[in-house]
Amino acid sequence: MFPSARPQRCWVHKARNVTNCLPKSAQPGATKTMQEIYNAEDRTHAEQSIEAFAKTYGAKFPKAVAKITEDRDELLAFYDFPVEHWIHLRITNPIESTFSTVKLRTKVTRGAGSPAAALAMVFKLVESAQARWRAITGAHLVSLVRAGARFENGILVERGEQAA
């Protein structure tokens, strides 16, 4: 089974929710600290950045800090996958990216007429868009993830080490 059914919440939406709890003057610093969490090289550094965020903003803005600390496990779940997959898991919103072509075309055509025509149009648009999609890095590791292999900070943990 996958390490987490939902690797992470969308960081863009999370950052927006956090900054909505802050005054305008504190938003640039908080955004920079959240970027440090998001772009940390491993889970340890990400945890340290979360603690720094909590220490800096916790006294004045506990609601903003709670939004990060309460979802810590979900936000950092991608560290439980192979390091080669992190770039794909850090993408902020793959669903919106996938359907942006469809959304654009349906706005231009002002609807597709019948439900069957809409389905056919969506299928053809997604089929043509997939030619431009980026191939997954470390595709050979997908079978390990699906088989339930455990990764820590992106590195495969051997079964003997799991028991220890």
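Leaving aside its neighbours within four places in sequence, which residues is Ala-149 in contact with? In this predicted model, Ala-149 touches Leu-144 and Leu-156 once those sequence neighbours are set aside. The residue sits in the loop that runs between helix 9 (142-147) and strand 1 (151-152), and because its relative accessible area is 17%, below the 20% limit, Ala-149 counts as buried. Computed along the sequence, Ala-149 and Asp-80 are 69 residues apart, while in space their C-alpha atoms are 9.8 Å apart.

## The chain as a whole

The chain has 164 residues, of which 32% are buried, and its secondary structure consists of 10 helices and two strands. Followed along the sequence, these elements take the order α-α-α-α-α-α-α-α-α-β-β-α. When contacts between residues at least 6 apart in sequence are considered, 69% of them join residues at least 24 apart. The accessible surface of the chain is about 10600 Å², and carbon and sulfur atoms account for 57% of that surface.

Two packed helices are described by the angle between their axes and the distance between the axes.

| Helix pair | Angle between axes | Distance between axes |
|---|---|---|
| Helix 2 (residues 27-38) and helix 3 (residues 43-57) | roughly 160° | within 8 Å |
| Helix 3 and helix 4 (residues 62-69) | about 165° | 9 Å |
| Helix 1 (residues 11-20) and helix 4 | about 160° | 9 Å |

For helix 2 and helix 3, whose axes cross at roughly 160°, the angle is over 145 degrees, and so helix 2 is roughly antiparallel to helix 3. Their crossing is left-handed. On the side of helix 2 the contact is made by Gly-29, Ala-30, Thr-33, Met-34, Glu-36 and Ile-37, and on the side of helix 3 by Ala-46, Ser-49, Ile-50, Phe-53 and Tyr-57. Sorted by class, this contact comprises seven nonpolar, three polar and one charged residues.

Helix 3 also packs against helix 4, at an angle of about 165°, and the two are therefore roughly antiparallel to each other. The crossing of helix 3 and helix 4 is likewise described as left-handed. Here Ile-50, Phe-53, Ala-54 and Tyr-57 of helix 3 come together with Pro-62, Ala-64, Val-65, Ile-68 and Thr-69 of helix 4. This contact has eight nonpolar, one polar and no charged residues.

Helix 4 in turn packs with helix 1, at an angle of about 160°, which makes helix 1 roughly antiparallel to helix 4. The crossing of helix 1 and helix 4 is right-handed. In this pair, Trp-11, Lys-14, Asn-17 and Val-18 of helix 1 meet Ala-64, Lys-67 and Ile-68 of helix 4, and by class the contact holds four nonpolar, one polar and two charged residues.

Thr-98 and Gln-130 are 32 residues apart along the chain, and their C-alpha atoms are separated by 8.4 Å.

Note on methods: Residues numbered from 1 in each chain as written. Predicted model: local features only at pLDDT ≥ 70, side-chain atom pairs only at ≥ 80, totals over all residues. Heavy atoms only, no water. Helix = DSSP H or I, 4+ residues; strand = E, 2+ residues; numbered from the N terminus. Buried < 20%, exposed > 50% of the residue type's maximum accessible area, 1.4 Å probe, protein only. Contact = heavy atoms within 4.5 Å. Areas by Shrake-Rupley, 256 points an atom, 1.4 Å probe, with all protein chains shown as cover. Axes fitted to C-alpha atoms, helices over the stretch in contact; angles between N-to-C directions. Parallel < 35°, antiparallel > 145°, perpendicular 65-115°, else oblique. Left-handed = near helix turned anticlockwise from the far one by under 90°. Nonpolar A, V, L, I, M, F, W, Y, C, P; charged D, E, K, R; others polar.
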